[in-house]
Protein chains: 2
Amino acid sequence: MDGFGEATAVTRVDDGRYEADLDAGYGISGALNGGYLMAVLARAAVDASPHEHPVSTAANFHRVAKAGPARLVVDTRKQGRTAASSLVTLVQDDRPVVDALIITGTLDPATEPDYAAGQPAGMPDLEECTDVRPPTGDSGFADQVDMRFDRTTMGWLDGQPSGRPEIRGWFRHRCGHTADAYSLALAVDALPPVALNLGAQGWAPTVELTWHMRAVPAPGWLAVHGTGRLLAGGWFDEEVEVWDTAGRLVAQSRQLARAPRAHS
Amino acid sequence: MDGFGEATAVTRVDDGRYEADLDAGYGISGALNGGYLMAVLARAAVDASPHEHPVSTAANFHRVAKAGPARLVVDTRKQGRTAASSLVTLVQDDRPVVDALIITGTLDPATEPDYAAGQPAGMPDLEECTDVRPPTGDSGFADQVDMRFDRTTMGWLDGQPSGRPEIRGWFRHRCGHTADAYSLALAVDALPPVALNLGAQGWAPTVELTWHMRAVPAPGWLAVHGTGRLLAGGWFDEEVEVWDTAGRLVAQSRQLARAPRAHS
């Protein structure tokens, strides 16, 4: 098993009961990344389901998750032929840390879309992107994930936020893990907050994140496009689309997060 | 209390326990509308919370809800100063019909956005829209909600789907209920499925719908813009933005639904 596979592994201890050992390597500024946690939750949901893929995940992040042991409880809410639904809870210190409603289903890699919108404009080729490491306080996450950024969306790093809530980049695991459903969970929450380009500063905790797996990704890099629509009253939204090298929309997400007041 | 207020009312019977009498008037083809159900769930969540608004709702729709008595169970998962989170379950015949993770918070109507994207292009003025009633099998829902549609997005009604997954219209309650948080729950699921413009036909059950309340709406009509990105393997997404007459983004949603194979 490769690094990401090991870091997200869950062990079944009973019907709907799992254990995991959360990996400090997926920390950003002391908090474990939400996408990493969703990958762990998705593994438990899929293990407890007759279906293969986490088609839809809606997560509420209650508390900061810490590296180390965690329990997972999978409460199956509906079993269907096409899809199943469960409430999956990550528990540490006997308190719910993340709750997620997860729908499992099975996506056929050979499916041709009946309709597919085009890729959003603006993503430069991989070769034109740079691997700036955001100043996240520690290098844990950036040691796991190889990200190359569209420099035009990274002005906030130099104190020159673009004023447009957009960040674009390319994503892959450093450990060589082939892009799969669990990679997508990580990818939809891997970008720095798009609100940084609006002058917001500091930590932007995700309150809710919903993502849908839309296709089985091709091996290789994933293109990650992040945008936002509104920053008001300390709340902002961030939409992420993930596209694979075969030109398919493989995941789409929206999160609602808290942000410090913008200073721009 | 007006019609919509009565139809979505919940009665507290104990801590976290509520009863509702679901109104047949919000049925479409025999199933109660998902937005109507989310409005009922949101009332229970807000009643059980110290906060005023359903800021984020992520719902899994397990079964068809029927008119008549229902129980609601509100399981508070986290109480915070800025926001609280609960799992709200609508129960009929002792089975979960809808589960929703609902985050409550309090939005200040006087908040000026730090950043706001522009309204999506293409919405005609209200006067240019028409009140075609979609052939929903019965008129229940259309008797409650006054919708005026952008005719260029309604070609599917005449067997001429546009090929673009877009439907746009204006929304208000027929009962005179002033637009509020609960109206937004209804509005994000009030459009006919955008997949109808891709040649899909028949019922398109919502599997998951997440919506965020972004501002307190001004009284009056709400503009509702629906789009989609991908129809593949029987799954399609639908994004809805709701804008008020003051030009504010008041709600944004995405749903994942099942669709019959497209025939276009």
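This section describes the interface between chain A and chain B in a predicted model.

The two chains are related by symmetry. Chain A is superposed on chain B by a rotation of 180° with 0.0 Å of shift along its axis, and the RMSD is 0.0 Å. This is the relation of a two-fold axis. Among the residues of chain A, the closest to the rotation axis is Ala58(A), whose C-alpha lies at 3.1 Å. Both copies use the same surface, since 100% of the contact residues of chain A recur in chain B.

The size of an interface is often expressed as the accessible area that is lost when the parts come together. Between chain A and chain B, the buried area is about 4,900 Å², and carbon and sulfur atoms give 57% of this area. Of the area that chain A buries against chain B, 16% is supplied by Tyr115(A), Arg229(A) and Arg254(A), more than by any other three residues. The contact comprises 56 residues from chain A and 57 residues from chain B.

Polar and charged interactions also cross the interface. A total of 28 residue pairs are in polar contact between chain A and chain B, with both residues at pLDDT 80 or more. Classified by residue type, the side of chain A that touches chain B has 27 nonpolar, 15 polar and 14 charged residues.

Side chains of opposite charge can pair when their charged atoms come close. Over all chains, the whole structure contains 30 salt bridges, and six salt bridges are found across the interface of chain A and chain B. One salt bridge links Arg77(A) to Asp99(B), with the closest N and O atoms 2.7 Å apart. Another is formed by Glu241(B) and Arg229(A), for which the closest N and O atoms are 2.6 Å apart. Glu241(B) belongs to strand S15 (residues 235-244) of chain B, whereas Arg229(A) is in the loop between strand S13 (222-227) and S14 of chain A; the pair therefore joins two chains.

Strand S14 (residues 230-232) of chain A is joined by two bridges to strand S9 (residues 115-116) of chain B, and the two strands run antiparallel. Within this pairing, Leu231(A) stands opposite Tyr115(B) in S9(B).

Notes
Residues are numbered from 1 along each chain as its sequence is written. Chains are lettered from A and ligands numbered from 1 in the order in which they are written. This is a predicted model: local features need pLDDT of at least 70, side-chain atom pairs count only at pLDDT 80 or more; totals for chains, interfaces and linings use all residues. Side-chain values use heavy atoms; hydrogens and water are left out. Contact means heavy atoms within 4.5 Å. Buried area is the accessible area (1.4 Å probe) that two parts lose on being put together, summed over both. A salt bridge is a side-chain nitrogen of Lys or Arg within 4 Å of a carboxyl oxygen of Asp or Glu. A polar contact is a pair of N or O atoms within 3.5 Å; within protein, one must be able to donate a hydrogen and the other to accept it, and residues adjacent in sequence count only if both atoms are side-chain atoms. Ala, Val, Leu, Ile, Met, Phe, Trp, Tyr, Cys and Pro count as nonpolar, Asp, Glu, Lys and Arg as charged, and the others, Gly among them, as polar. Two strands pair if DSSP finds at least two bridges between them. Helices (H or I, at least four residues) and strands (E, at least two) are DSSP runs, numbered from the N terminus. Copies are superposed by least squares on the C-alpha atoms of residues with pLDDT of at least 70 in both.
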